[in-house]
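Visitor: Could you show me how to read aromatic pairs in a model like this one? I'd like the general idea and then a real case.

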Amino acid sequence: MNTSDYLTVSSWLQRPWMSEMLILILALTIYANTIGHEFTQDDAIVIYDNQYTQKGIAGIRDIFSRDSFSGFFKEEGKDQLVSGGRYRPMTLAVFALIWELVGETPWVFHLFVLLSYALLCVLIFRVLRVLQFRLVTEYSHFALVATLIFTVHPIHTEVVANVKGLDEIWSLTWAVLALLSAIMYIEARRIIFWLGSLLSLFIAFLSKENAVVWIVMIPVILW
């Protein structure tokens, strides 16, 4: 690649929407094969063998009022076999809604998970790009390169290929959105961004409990 070609590519990548399209297409391409997969063993817990998910919309009330494993074990007390229990109602409610619409159709669930992952990657790029322009004076490809590494890293394979992995994806998605909203609040001082940050963090908690680390991470990043 000669100098003029490099400058052309560099100029192309400096357009945020082009970089976002690259990230989106890459994420969808490398995991497109998951759309044809069936449900996995872990999916039984939250989807095809969960009595509340299978109720569709009618089961959402039970999903939010009970331990996340109770719909699978179906016997009082067995949902506590895992120490401390689990309360992750948000993604179960999403699965119940999808079940209401299409029933036991694995490819629709996998497609939803794939789209969620692709949008997460784009969101990470947006946040890194915002932080990048506050840490360096010149344009660099740090945000794009870091996001591309995240997108293609094989450590995410199980999360994307396993429909149950939506809890991990949504937990991070809403936590990152909470960070972005907090940054926007600091810049614009509009209460709507502060409320949006709190709401996003709350949804992240309802997706998976490991989002609690962002209570510390967001203030540290803002500092």
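Predicted model: local features only at pLDDT ≥ 70, side-chain atom pairs only at ≥ 80, totals over all residues.

Visitor: What describes a pair of aromatic rings?

Guide: A ring pair is described by how far apart the centres are and by the angle between the planes. In this structure there are 8 aromatic pairs. Take F39 and Y48: the ring centres are 5.6 Å apart and the planes sit at 25°, so this pair is stacked.

Visitor: Are F39 and Y48 buried or partly exposed?

Guide: One of each. F39 has 14% relative accessibility, so F39 counts as buried, while Y48, at 29%, is partly exposed.

Visitor: And how do the rings of F95 and F109 pair?

Guide: That pair is tilted, because the planes are at 50°, with the centres 6.1 Å apart.

Visitor: Which residues form one aromatic cluster?

Guide: F39, Y48, F95 and F109 do.

Visitor: Now the other residue. Where is T151 found, and is T151 buried or exposed?

Guide: T151 lies in helix 8 (residues 142–152). The relative accessible area of T151 is 0%, so T151 is buried.

Visitor: What is T151 in contact with, leaving aside neighbours within four places in sequence?

Guide: Apart from those neighbours, T151 contacts I23, L26, A27, I30, Y31, Y117 and C121.

Technical notes: Residues numbered from 1 in each chain as written. Heavy atoms only, no water. Phe/Tyr/Trp six-rings, centres within 6.5 Å; stacked < 30°, edge-to-face > 60°. Buried < 20%, exposed > 50% of the residue type's maximum accessible area, 1.4 Å probe, protein only. Helix = DSSP H or I, 4+ residues; strand = E, 2+ residues; numbered from the N terminus. Contact = heavy atoms within 4.5 Å.
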